[in-house]
Amino acid sequence: MAEARSAVATPRVQKEDLGTTSSWTDFFKFYRQMVLRNYFRFRNSFRNGVWPTSTNNLVVACGFSLYLLEYEPRWAERVTPMLKDAADVISLPKATPRWLKHIVTSVGISVVFFTTLMKVRQYLLRILLAYKGWMYENVREVSWKTKFWGLTVKFVSGYQPSLYSCQRSLPRLPVPPLRETMAKLLESLEPLCTEEEFNSYKDQAQEFENTIGPRLQRILHIKSWWAPNYVSDWWEKYVYQMSRCPIAINSNYYALDHYIWTPTKLQVSRAANVLHSLLFMKRQIDREELQPLLLRNTIPVCMAQYERIFSTTRMPGTEIDELLHYDSSESRHVVVWCQGLFYKLYLYDDKNQLLALSTLEKLFQGIIDDANKHKESVSESERSVSALTGLPRTEWSKIMKRHLTFGINRDNMEIINKAVCVVVLFDKPPESLVAKAKNLLHADGRTLWYDKCFNLCVFPDGQCGLNVEHTMADAPAIGHVWEYAMTMEVIEKRYLENGQVMPPPKSFKQGQFRDPRRIMWDITDELEKEIDRATKHNQEQNEDLDLEIRNHSQFGKGTIKKAKVSPDAFIQIALQLAYYKDAGRFCQTYEASATRLYQNGRTETVRSCTNATAAFVKAMESGKKSKEELIEMLRFAGNRHQKLYRDAMSGKGIDRHLFALYVVSKGLGYENKFLDSVIRRPWTLSTSQQPQQQIQANIPDINLEPFRKMCSPGGGFGPVSDDGYGVSYMLPNEYNIFFHVSSKRSSSKTDSVRFADLICQSMEEMRSLFDN
């Protein structure tokens with residue numbers, strides 16, 4: 001079939017594909033770039049390895065010791081003899097000049113001093129960062145102990161750290177005590193179980209703690225001594241890569257751009273500008289020029305996830321998927337989807353410069369024109385190849401091995417895998433915000449390449465968003481990059497009055513660049529049937545998704561703060577109240593928290609349905625308590641939730657600990673009823689607060705308040721449980737809260753619109769407690 005299409009299509013073929021030989025200039029240019037890349041990698045690796053010290057410390061130490069040996073100042077009479085003794089230890093020929101001997105001695109002494117100083121500062125900083133008492137104190141009421149600790153951290157820390165400089169100094173995630181985890185687990189189950197169920201769990205936990213629990217705990221302790229993180233590698237492997245269900249809706253998530261504002265109505269202009277901003281962030285990450293995030297401008301967080309944000313693909317496997325990441329020397333293009341056709345778009349010119357905005361704009365327009373010309377000559381199956389990535393992972397892996405590992409299909413897969421990202425140019429604008437979000441989450445089931453790190457989706461009216469693969473990184477990392485792209489459009493003039501991108505300065509000279517190259521597939525009859533089946537499967541899953549987005553504009557976090565309740569705790573309690581109204585009971589609730597204060601930290605679970613929250617919800621529904629009593633119960637529940645959240649961030653959570661115990665038990669061949677039942681309990685309510693204003697760590701002087709009408713609603717994800725809800729919420733400013741509610745239409749127990757109404761109703765009822 002590919003041969004027949006080749007007769008009517010006119011793909012753009014590059015000169016180098018015709019077999020022309022490279023010139024000596026190209027040869028030297030290639031090796032020059034390779035040498036420079038290796039130099040910068042070595043330099044960054046050395047800087048990260050010696051941080052928080054720097055090479056300046058070595059130079060100063062060398063110069064100072066050489067000065068003492070050469071001039072022997074009187075104020076250093078006690079030090080100079082020791083330096084001379086060290087010089088005598090070094091075996092140099094007797095004819096060696098005195099000055100050379102002093103230089104060799106000073107260098108040797110300086111290296112020893114520098115290495116000692118480096119190790120002392122690294123381990124001292126790791127010890128200091130293990131302290132988490134600051135997290136439990138009010139920002140405005142910091143104790144003298146914490147103030148002294150903060151000053152010490154700043155004194156020990158180096159200046160101007162690069163992206164990964166702080167990694168070696170971060171502490172390892174501690175293994176919580178087994179008894180403490182069991183106690184917290186039982187406390188979290190109490191409001192969810194009947195008395196009989198709770199007593200059964202209590203007995204099982206006691207038996208586990210007295211039998212195999214301590215042995216599993218010892219193995220986790222041993223792993224925590226040598227591994228950077230005792231749980232993250234298992235979490236990535238068993239939760240993401242070994243999951244066999246489709247990643248569309250179930251794993252991937254979406255991110256929206258601005259709420260009611262679009263900087264341009266031109267699709268190609270918006271695509272060029274947003275892609276250019278993302279590529280700028282990629283360059284910052286590749287060069288390690290992006291500043292690491294610091295909490296309270298003092299405490300560094302783990303930045304390891306940033307390495308895989310770009311140029312990463314999740315490859316399907318029969319039993320386990322593989323995460324492939326390509327460096328900047330291999331990944332120098334994006335793949336563009338338009339009208340069902342794929343194109344390879346080169347991002348750099350012959351001078352190794354990133355293409356100018358205006359050049360990208362023209363190339364995107366050329367792709368659209370070419371796709372409109374040839375879309376009729378492409379079969380529906382070729383237009384729907386992306387649908388295969390939405391199948392269950394084992395099925396997708398088998399199809400890939402049978403049809404996409406040879407010939408032009410293998411070359412096409414390599415092009416997609418090595419791409420920086422996939423750019424999707426939709427041909428229809430969304431009818432509503434919900435329709436836009438559904439397009440970003442799953443589209444029509446045959447457009448998005450779900451395996452890619454992210455799909456940048458741009459609509460004909462200029463709106464845009466992301467579909468993100470979850471294995472490579474958690475939402476805060478990709479949110480940081482996306483926030484930069486969105487914010488720069490607001491605070492900088494990026495477009496002309498007619499909507500086109502700003503032209504480059506006159507001094508800028510674009511080098512020669514290659515035109516986009518059309519990607520064509522070899523679709524056999526058997527592969528066509530598989531693509532059709534995948535498309536139907538995806539569309540059935542899409543139709544089952546019930547999504548609602550609600551802008552809660554009656555009040556925001558500014559009002560909640562006045563009530564002396566944590567905004568996150570207030571919303572989590574409102575979610576419990578809403579679910580109790582909806583189902584007449586409480587459910588196991590998952591709230592995502594980060595553990596990036598530790599090496600290779602990812603997430604931890606906050607079990608936000610607590611006894612205190614349940615008591616408040618029941619009191620609200622009963623109507624038998626006064627406002628004063630309800631306020632006291634609300635604040636108590638809020639404080640309890642805040643403590644759980646802080647515990648999760650500081651390595652005292654229970655779910656990753658339980659998960660690691662479960663993995664070890666399976667590895668040793670144990671079948672434990674208690675661990676099985678606890679791990680398999682469904683998360684009926686899966687929630688997450690979305691991060692914002694992360695770029696202020698890199699642009700501290702930016703003031704976003706004047707632009708609050710241009711805020712982003714954030715993003716969302718699919719439900720975790722078949723009979724549950726997925727709820728993400730964004731607090732972009734003091735006045736708005738956006739809720740993204742997802743569920744399945746096939747469930748008779750859920751309705752996203754109804755639940756969103758109940759959330760807003762519960763928020764207002766809780767706010768009304770503070771009317772006076």
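## Largest cavity

The largest cavity in this predicted model has a volume of about 190 Å³. A cavity here is a set of points, on a 1 Å grid over the protein atoms alone, where a 1.4 Å probe fits but cannot get out. Its volume is the space filled by probe spheres set on the points, which are joined across faces, edges and corners. Lining residues have an atom within 4 Å of a point. There are 15 of them around the largest cavity, and Lys184, Ser188, Arg607, Leu644 and Ile654 are the closest to its centre.

Helix H7 (178-189), strand E14 (603-606) and helix H22 (627-649) each give two or more residues to this lining. H22 supplies the largest share, four residues. Helices (H or I, at least four residues) and strands (E, at least two) are DSSP runs, numbered from the N terminus. By class, the lining has four nonpolar, five polar and six charged residues. Ala, Val, Leu, Ile, Met, Phe, Trp, Tyr, Cys and Pro count as nonpolar; Asp, Glu, Lys and Arg count as charged; the others, Gly among them, are polar.

## Second largest cavity

The count comes to four cavities of 30 Å³ or more. Helix H18 (residues 525-544) gives the largest share, five residues. Five lining residues are nonpolar, six polar and two charged.

## The open sheet

Eight strands form an open sheet with mixed pairing, in the order E11-E7-E6-E8-E9-E10-E1-E16. Two strands pair if DSSP finds at least two bridges between them. The edges are strand E11 (517-519) and strand E16 (715-716), each pairing on one side only.

Strand E9 (residues 454-458) and strand E10 (residues 464-468) run antiparallel, joined by five bridges. Leucine 456 has leucine 466 in E10 as its bridge partner.

## Helices on the sheet

Helix H12 (residues 357-374) packs on the sheet. It touches strand E6 (333-338), strand E7 (341-346), strand E8 (422-425) and E11. Contact means heavy atoms within 4.5 Å. The direction of H12 makes about 155° with that of E7. Such angles run from 0 to 180 degrees between N-to-C directions, with axes fitted to C-alpha atoms, for helices over the stretch in contact.

Helix H15 (residues 407-418) also packs on the sheet, touching E6, E7 and E11. Its direction makes about 110° with that of E6.

## Basis

Residues are numbered from 1 along each chain as its sequence is written, and side-chain values use heavy atoms, leaving out hydrogens and water. Local features need pLDDT of at least 70 and side-chain atom pairs count only at pLDDT 80 or more, while totals for chains, interfaces and linings use all residues.

Methods:
On a 1 Å grid over the protein atoms alone, a cavity is a set of points where a 1.4 Å probe fits but cannot get out, and a pocket is an open set with protein on both sides within 12 Å along at least five of seven lines; lining residues have an atom within 4 Å of a point.
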